[in-house]
Amino acid sequence: MSNQKEVLLTEEGLQNLKEELELAKTVKRHEVAERLKEAISQGDLSENSEYDAAKEEQGLIEARILTLENMIRNAKIIKPGETDKTVVSVGAKVTIQEIPDGDTETYYIVGSAETNPELGKISNESPIGKELIGKKVGETVNVPVPSGTIQLKIVEID
């Protein structure tokens, strides 16, 4: 029985994680192994900064591999079109309007593993995501931000 946290992903997000895992296991592991071999061939390892850097990178790569494997193992796929369009949920595309200035933004609510604000993908665990989950078109939410609170109105759920 797994006590790992469920990782909410789209099909695309799961595929991206699998590709990153494959790259880490093959290319990146090989590259760091070559760097280690080269550093070891230089002799005394006690003051070999190349060896230390390669060992540190090896640890980071192995940690990332374990993280990716756990995320993939605990993935729950969210499929577009399977979400209830009457309430905001993971997998939904939501258009919000900032009150009172009227600026609108559209976000995709995704699991934390797929967050990419530059692409408009915000986590269901982010301050905005948390407040929007479970709300309906026309509802207003107050989102705490470092400068205070912003008020957002849900304009559309797709």
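Biologist: In which strand is Glu156 found?
Modeller: This is a predicted model, in which local features need pLDDT of at least 70 and side-chain atom pairs count only at pLDDT 80 or more, while totals for chains, interfaces and linings use all residues. Residues are numbered from 1 along each chain as its sequence is written, and side-chain values use heavy atoms, without hydrogens or water. Strands here are DSSP runs of E with at least two residues, and helices are runs of H or I with at least four, numbered from the N terminus. The strand that holds Glu156 is β7.

Biologist: Is Glu156 buried, partly exposed or exposed?
Modeller: Glu156 contacts Lys93, Val94, Thr95 and Val137 (heavy atoms within 4.5 Å), leaving aside its neighbours within four places in sequence. Its relative accessibility is 43%. Since buried means under 20% and exposed over 50% (1.4 Å probe, protein chains only), Glu156 counts as partly exposed.

Biologist: What distance separates the C-alpha atoms of Glu156 and Lys135?
Modeller: Glu156 and Lys135 are 21 residues apart along the chain. Their C-alpha atoms are separated by 11 Å.

Biologist: Which strand is joined to β7 by six bridges?
Modeller: Strands pair if DSSP finds at least two bridges between them. Residues 148-157 form β7, and its partner, residues 93-99, runs antiparallel to it. In this pairing, Glu98 has Leu152 of β7 as its bridge partner, and Ile99 stands opposite Gln151. The strand asked for is β3.

Biologist: Which residue in the turn between β3 and β4 has a positive phi?
Modeller: β3 and β4 (residues 104-110) pair in the antiparallel sense over five bridges, and the bridge partner of Lys93 in β4 is Tyr108. The two strands form a hairpin with four residues between them. A positive phi of about 85° belongs to Gly102.

Biologist: Which strands stand at the edges of the sheet?
Modeller: The open sheet has five strands in the order β5-β4-β3-β7-β6, with mixed pairing. The twist from one strand to the next averages 45°. Two strands have a single partner each, so one side of each is left without a neighbour in the sheet; these are β5 (121-123) and β6 (140-145).

Biologist: Is Lys121 buried or exposed?
Modeller: Lys121 is found in strand β5. Setting aside neighbours within four places in sequence, Lys121 is in contact with Glu12, Tyr108, Val110, Glu114, Thr115 and Asn116. Because its relative accessibility is 17%, Lys121 counts as buried.

Biologist: How is helix α1 oriented to helix α2, parallel or antiparallel?
Modeller: The axes of α1 (residues 11-41) and α2 (residues 49-73) come within 9 Å and cross at roughly 160°. Axes are lines fitted to C-alpha atoms, for helices over the stretch in contact, with angles from 0 to 180 degrees between N-to-C directions. Angles under 35 degrees count as roughly parallel, over 145 as roughly antiparallel, 65 to 115 as roughly perpendicular and the rest as oblique. Relative to α2, α1 is therefore roughly antiparallel.

Biologist: What distance separates the C-alpha atoms of Ala33 and Thr104?
Modeller: Ala33 has its place in helix α1, and at 37% relative accessibility it counts as partly exposed. Ala33 and Thr104 are 71 residues apart along the chain. The separation of their C-alpha atoms is 49 Å.
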